[in-house]
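Dear colleague,

Please find the structure below. My notes on the contacts follow it.

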Amino acid sequence: MYKGGQQPTIKGAQPKKEADVVVLQGPYPYRLSFYDRPPLYDVTIEDFETFALDRLRILAEIEASYARNRSWDELRTVTEAQCKKYDLWLSSNTARSQFIDLERKKDHLSHFVLRLAFCRSEELRRRFVKAETTLFRVRYEKDDTKELTQFLSSQDFGWEKVDPPEKATYESELRALLPNVGDKEFKDIVFYKVKWTRVPDLVAKRRVFLRRGQAFVPTTLQASIVFHAFETQLEKALERTAKGLPRLDEDTRIVPILNNLSQGFLAGVPSEWTNATPTMDGELRAEMVDGLAKKHFPMCMRNLHESLMRDHHLKHFGRLQYGLFLKVLGLSIEEAVAFWRKSFSSITDDKFNKEYKYNIRHSYGLEGKRANYPAKSCQQILLSDQPGPSDCHGCPYRHFAPDNLQTSLLTYYSNQGLTSSNLPEIMKTVKEGHYHVACTRVFEITHTSKGVEKGQGIGSGESVTHPNQYAARSRELEKPQEGGTSSDTAMVVG
Amino acid sequence: MALDSDNEVTPEVMLAFYRLLYPFHSLFTWLNQGQIPTKLFTQREFAFTLAGDVYLRYHSFMSAEELKKQVLAFNPTRFEIGPMYSARPKDRKTVRPSAFTPLLRELVFDIDMTDYDAIRTCCSSADICARCWAFIAAAVRVLDTTLREQFGFRHMLWVYSGRRGIHLWISDADALELTDEQRRALVASLTVIEGGKDMHKKVNVRFTKQSPLPPALWGARETLNDRFGELILRNQDCFASQEGWEALLRLVSDGGIAETLREEWTGSKISSIDKWLRLRELAKGSKSLTSAVFEDILLQYTYPRIDAEVSKHRNHLLKAPFCVHPKTGRVCVPVDPSRIDEFDPVKVPTVGQLLRELNEAGEGADWQKTSLKPYVDLFDQHTKGIMNEVRLAKMKASANDVQDW
Ligand SMILES: [Zn+2]
C-alpha cells in the first residue's frame, strides 16, 4: 500500500486516487469529528510522523491524568493546554481562523495514523479508545453551542424524542431525575428515548428513567449518548483496522514509525509500581510482616493486616489486594504460603491446601494463566471491586464511615506521631474526595521524625498513587543515610 | 427408608440420579432455544466438578445425548454452564486465542443468604430457615419486577441453589447479547447496599442529600415497604438486641432523638415494633429525620444483596439447574417467582427421596412418576416461551428479507 515514491498515500481500503488531489470537498465542516472517513490525500512521511507524535503527547498526558487521579476539571485544563501547544485544540468556525482547515487536517490525519499504531493489541486498543474518547469529551464540553447542535444533527444516534403526552405520563419520575429544575424549566427540557444499552454509564448511576428497555434521557445528559457512540464506533473501527493491517507489513518505512509510536504511548505514562520483586536487603520472611505492617504500611494494607490478625481470615478481594501487595513487597512464594497458613489459624491444613494454596500460587503466576499479576494501584483499589457489606478491602479513606476512619487512624498511627489535632485536616480532604491526598498527608505526618515535611509527599512533592510506593519509601527512609556512620553497612562490601 | 439416608449423597446415588432422573433433554432445549442443535449449545462451555475437588473446564457437546454420556462417565458432584464461545470450547487449543472469545450468555444473578448475615438474626452462615428465606423472597420480588419493567426482560428462570440461595437466568435475545460493560452497568443500577463493614450507612443512592429517591428504585420501595414490618420488625426482630438497635440509631440523622432513644432502650425489653413506632413518632417533630432517612433505612434492611461478580462477566460459570447440592442432597429446582412466598427450601425434593419414589413406581418409570415432575414441567413451560419468541423473531426477520428484495 505504501510502495514507491516519496509521498505515501494513506487510504485504508479505499481505491487509489490521483496523487495531488484532495478528495474531500469542504472536508471539515465541524470542529468535532467521529472520524468516520479515512484521509484520502497524500501526506509526507514527515507529517505522518510528527502529526502523530504531537497527538500522542496529548493522549499520554490524558493517561497520566487518569493515573494521577486528577479531577475532571484538572484533566480538562491540562488537556486543553496540551492541545493548544500542539495546534490540536481546533478553532471554532466562528473564529474564522485561516488555520481552521490546517488544524482539522492535522487532527484528522494524526488520529488515523495512531489508529494504525494502536489497533494491534487489545490492551493498546482499549487505552487508545479511552484516551481518544476523553479528548473528544474535553473538546465537546468547550464547543460552541450552535456548532455543537449542528454537529449533532449531522449524526444519527438513533434517539427518539419523547412526545408531550408521554412526558406528562411519567412526569413525576422524570422530575425526580432533575431535582434542581424548576417547573418552568422542566417544561422546556426535552427527553430522548434510546435503548438502555446505548447509555450504560447513565443506567449505572440511575440517571435515566427506564421503561421496558428504553432509557429516557434528558437533553442535559445527551452528551452521554454521544460519548458512548464515539467510543463504540472507535472500538469497532479499530478491530476492523487490526484485521486489515497485515498488508502494511510491506512498507518498511511505516512499520518502524508505528512501532515507535505504540512504544511511546506505553512509555509516556507513569509506570505501574511493578519494581518487580527485588527487596532491598534480600529476604523478607513471613514473621517479619507484622513488624513491617506496624511501621511502614499505608492504611489500606494496615487495615487488611489487622483484620487478618483479628479474624484469622480475609475474604477474596481482601486476600487479593493484600497478597499482591506482599508479593511486590518481596515476600517469596514459600514465605507467602507460610504467612497465610499461619494467619488462617482457625482452619485445617486440608481446607487451606484445597481452598487457598492454589490461589496464592496463582497470584504468583505459578498456576492457571501463569500471569505475573501486579499489585493493585490506588486507582484500582478506589475504583474496582467495591467492598460489600462484610468486606475489609478497599481504601479506608474512601470506604470507611468518618467516625471509624478517625478511630482507626489514631489506633494505627498514633505511635508514629499522628494525633487527634491532625484529624480535622485529614477529614476535610477526605470529605472533598481527595483520598490519595489524605493518605499522602498521613505519610508526611508519620514520617516527620525522618525529616519529611508537609508538602513533600513521598518525595519531591509526589502523591501516593500506589500502596507499594508508600511502603517502599517508608522503608527507604528508615535505612541509614548514605555515607553515614553506620559501620555494618560498610563492612558488607568487602 | 429413613429420612436421614434421603439426604445422603453418595457417588452411587448421584450416578443413579443422572442415569434415571436428570432432565438432560429439557436442559438442552432451554440452552439451545430450539430442538435442532445450534451453536448456542454446541459451542457452549460445560465445566465439571468431580469428587476430590477436581475441576474440569472447557467441555462442549453436540447433543443432549453426548452430554448425558459424559456426565455418566464423570459422575460429577455438579456441573456448571458458561457462555457460547466463538468456537467449540473443546477445540479451543486448535484455534487462535483471539478467535476464542465468549459471545452470548444468559444474564445471570446469584443471591446468597450469607450476604445477609449482618442483618438476619435467626441463622448464620450455611443455615437457612423459612424465616430468613423471606429475605430471598423479597429479593426475588424486587428483581423480578425491576428486570421486567425497567429492562424489558421476559424470559426469566429462577432456580433454587440447593442450600441457602437462589439463581436467576435470563434468556431473552437482548440479554444474551449484552457486553460485559452493559452487564456491569445493569448490575451497578441494581446494587444499592455498598461500603464495607466499617461503613454504617450503606445506602447512598441520592444525587444530593435532599433529592428524591431515583425513580429506578421506586418499584423496590413499594414492594419492600409492604414487607418491612413483617420481615424486619416481627419476623427477624432486628432491633431487639443492643447491637441491633445501635445499628439502627447510627442511621438516625437527628442526634437528639438518637440520644433520647438510646436512654429509653438501654437495658429495656421493648420489641422491635414498638421501638420502630416510637422512632416514627419522634420523627414527626424533627427537621432532619425526613422520609428520605426512612426510605434509606428501609432499603438498607431489605433491598436485595446480589453477588455482583457473577453477573458482570459473560464467561462466569454458574451451576446448572437440577444439579444436586452435595451437602443437603436437594435438587436445584426452578421456582415460580409469583409463588416465591410459599416456597419452603426444606420441602424441596432430595435425590434420595426421588430415587425411592422411582423405586416404588416400578420398572421403566422416569421423573414423571416422581415429585420432580412439577419442576420439570415448569422448566419446559419456560423454555416453550423462549422458543415461541425465537420463532416469531425468525418469521419477522424473513418477512423483512422479502421486503428488502
Ligand atoms: Zn433463618
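Which side chains meet in a salt bridge? Those of K195(A) and D174(B) do, at 3.4 Å, N to O; a salt bridge here is a side-chain nitrogen of Lys or Arg within 4 Å of a carboxyl oxygen of Asp or Glu. Across the interface of chain B and chain A, the rule finds one.

This is a predicted model, in which local features need pLDDT of at least 70 and side-chain atom pairs count only at pLDDT 80 or more, while totals for chains, interfaces and linings use all residues. Residues are numbered from 1 along each chain as its sequence is written, chains are lettered from A and ligands numbered from 1 in the order written, and side-chain values use heavy atoms, without hydrogens and water.

Interface

In chain B, 37 residues are in contact (heavy atoms within 4.5 Å) with 39 residues of chain A. The buried area (accessible area, 1.4 Å probe, lost on putting two parts together, summed over both) is about 3100 Å², with carbon and sulfur atoms giving 59%. K197(B), D198(B) and F207(B) lose the most area on the chain B side, together 20% of what that side buries.

Two helices in chain A

The axes (lines fitted to C-alpha atoms over the stretch in contact, angles from 0 to 180 degrees between N-to-C directions) of α12(A), residues 289–296, and α22(A), residues 467–478, come within 10 Å and cross at roughly 90°. Helices are DSSP runs (H or I, at least four residues), numbered from the N terminus. The two are therefore roughly perpendicular, a term for 65 to 115 degrees. L292(A), K295(A) and H296(A) in α12(A) meet residues of α22(A) including Y470(A) and R475(A).

Regards

Terms used. Parallel < 35°, antiparallel > 145°, perpendicular 65-115°, else oblique.
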